[in-house]
Amino acid sequence: MTFAGTLDRPDSREPGAPVAELREWLDRLEASGRLAIAKPGVSLEFELAAIAKRLDGHKATLFPKPLGHSMPVISGLLSDRRWMAEALGVRDGDLLRRFQEAVARPMPWQEQPSGPVQEVVHRDIDLAKLLPLPVHNERDSGPYITAGLLIARNPQTGIQNVTIHRLQLNAKDRLGILMLPRHTMSYYRMAEEAGHDLPVTIVIGVDPATLLSSQAIAPLDFDELTIAGALRGRPLEVVRSLTSEVRIPANAEIAIEGRILAGRREPEGPFGEFPQYYGERADQHVIQIDAVTHRRRPIFHTIVGGANEHLLLGGIPREATLLASLQRAFPGVRDVHLSRGGVCRYHLYVQFDKRQEGEAKNVIMAALGAHYDIKHVYVVDCDVDVHDPAEVEWAVATRFQGDRDLVVVNDAQGSKLDPSTRAGVGTKLGFDATAPLDAPEMRFTRIRVPGEDSLDLDTLLQSPGDAHWRVEAGND
Ligand code: MN
């Protein structure tokens, strides 16, 4: 099966060009054995998510014909950090730097009169019939759209915002939306105060760079689609929505056009979220759908709540933002990592070249203030790999003493989705696991066998067919 007809450097470790289209990325995954294809008839309720989650982090999964639908579903597109680097055309270690560059030098999009995303138009909307909407986790309230890039415009300036919200199927032409007090919400409030609905278009099935750019921690009125252009190395082509001024990626698979209704709320949730718990049921905002457009033979993308794709999509852009902000104050900060066990949000590892005693504690204080989600910060020396949790644990085990190296901040703002907080208020901890600068030279020197990392085993080991040691052993 071929999606776009481009098979390009599937196994190469040298980075190639950034991937410009979703179908190109699917071809790449398939050609390199990273795309599992399900049999027809997989149930949209739980079974699809169960298969995708079993393969999470190893393979993406394509469901060509889920039960009751002819529209294929894809999941797990970017469930490995190395895949993200590959899709952006950079080496693994350059992923954060590439993202930082794109945020620093965004590229304006280019408008076209028409695009594939509008090849087919529906005005009479029954979402569950039109789209294969899965139910993911056991206690989810029902079907959700989880990989929809919601694009809205500042009602006063027209500047666009892009982000992913969880979208519950409320009725055949209505979606419930969880809006946290961020950018979509501020545009919505402007519209609601003027007594208007806020036009939005939800885009499903985009290229990896556009998907990743939607998760950038950017200021208000920073159009994330311009980050997508910079990541791709060429402007993103957009078209105007049919029912509003919202501009959307021209090559997306599916677009759902509608309005977040002024003054309207309906119950939404529960829904399985990134901390591996359910977000609660509460009255939330509502989107009235006015049109659905898509490519001929479109592909629907779903992100399983709490799986690697969900965690990493949020985690990588955060790491890039945190690294940039820490490095501004502390040039000795070399790398950061939001660990998988800390749900790519709560646990931050910082690799730091300490030059002054006490500096690591200042790094801890800056990191705890950098994003409210960060709960525990671990600062380690440059000989510790922050991408390996066992390395960080080793540093805490051997370079940390609780009486002098622990920072505790009570009653700080944390994540409302962390069930151990009191409505989002909780305790922050910082672990200074750097070695003291004045310690005797040998005390914190790691043991090492010279050559263990650099020798070439192929030249030094026998292969199975070579001379047998048993023949020679024991002769005297
Ligand atoms: Mn934004």
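Colleague: Between which strands is the loop where Asp418 has its place?
Modeller: This is a predicted model: local features need pLDDT of at least 70, side-chain atom pairs count only at pLDDT 80 or more, and totals for chains, interfaces and linings use all residues. Residues are numbered from 1 along each chain as its sequence is written, and side-chain values use heavy atoms, leaving out hydrogens and water. Helices (H or I, at least four residues) and strands (E, at least two) are DSSP runs, numbered from the N terminus. The loop holding Asp418 runs between β22 (406–413) and β23 (425–433).

Colleague: Is Asp418 buried or exposed?
Modeller: Buried means under 20% relative accessible area, exposed over 50%, partly exposed in between (1.4 Å probe, protein chains only). Asp418 has a relative accessible area of 7%, so the label is buried.

Colleague: Which residues is Asp418 in contact with, leaving aside neighbours within four places in sequence?
Modeller: Contact means heavy atoms within 4.5 Å. With those neighbours set aside, Asp418 is in contact with Tyr346 and Lys375.

Colleague: Which residues are the protein donors of the manganese ion?
Modeller: Donors are N, O and S atoms within 2.8 Å of the metal (3.2 Å for Na, K and Ca); water is not among the atoms, so sites may look incomplete. Here the protein donors lie 2.0 to 2.3 Å from the manganese ion. They are Asn161 (OD1), His183 (ND1) and Glu224 (OE).

Colleague: How are the donor residues of the manganese ion spaced in sequence?
Modeller: The spacing reads N-x21-H-x40-E. Asn161 is in strand β8 (residues 160–164) and His183 in helix α6 (residues 183–193), so this pair links distant parts of the chain. Asn161 is also buried, at 2% relative accessible area. The spacing, again, is N-x21-H-x40-E.

Colleague: Which residues of helix α2 are buried?
Modeller: Helix α2 covers residues 47–54. Seen down its axis, the buried residues of α2 fall within an arc of 95°, so they line one face of the helix. That arc is taken from the directions between the helix axis and the C-beta atoms. The buried residues are Leu48, Ala49 and Ala52.

Colleague: What covers the buried residues of α2?
Modeller: Ala52 is one of those buried residues. Their cover includes β2 (60–63) and β3 (73–75).

Colleague: How many cavities of 30 Å³ or more does the structure hold?
Modeller: On a 1 Å grid over the protein atoms alone, a cavity is a set of points where a 1.4 Å probe fits but cannot get out; lining residues have an atom within 4 Å of a point. Grid points are joined across faces, edges and corners, and a volume is the space filled by probe spheres set on the points. The number at 30 Å³ or more is two.

Colleague: Which residues lie closest to the centre of the largest cavity?
Modeller: Ala, Val, Leu, Ile, Met, Phe, Trp, Tyr, Cys and Pro count as nonpolar, Asp, Glu, Lys and Arg as charged, and the others, Gly among them, as polar. The lining divides into seven nonpolar, two polar and four charged residues. Of the 13 lining residues, the closest to the centre are Ala20, Glu21, Asp207, Asn251 and Ala252.

Colleague: Which residues line the second largest cavity?
Modeller: By class, the lining has four nonpolar, two polar and two charged residues. By name, the residues are Ala52, Asp56, Ser75, Gly76, Ile303, Val304, Ala307 and Glu309.

Colleague: Which residues does a cis peptide bond join?
Modeller: Most residues other than glycine have a negative phi, and most peptide bonds are trans. The cis bond has an omega of about 0°. Pro270 is in the loop between β14 (254–268) and β15 (271–272). The bond joins Gly269 and Pro270.

Colleague: What is the phi of Cys344?
Modeller: Cys344 is in the loop between β19 (333–338) and β20 (347–352). At 3% relative accessibility, Cys344 is buried. Its phi is positive although Cys344 is not a glycine, at about 55°.

Key:
1 Å grid on protein atoms, 1.4 Å probe; cavity = no way out; pocket = protein on both sides within 12 Å on 5 of 7 lines; lining within 4 Å.
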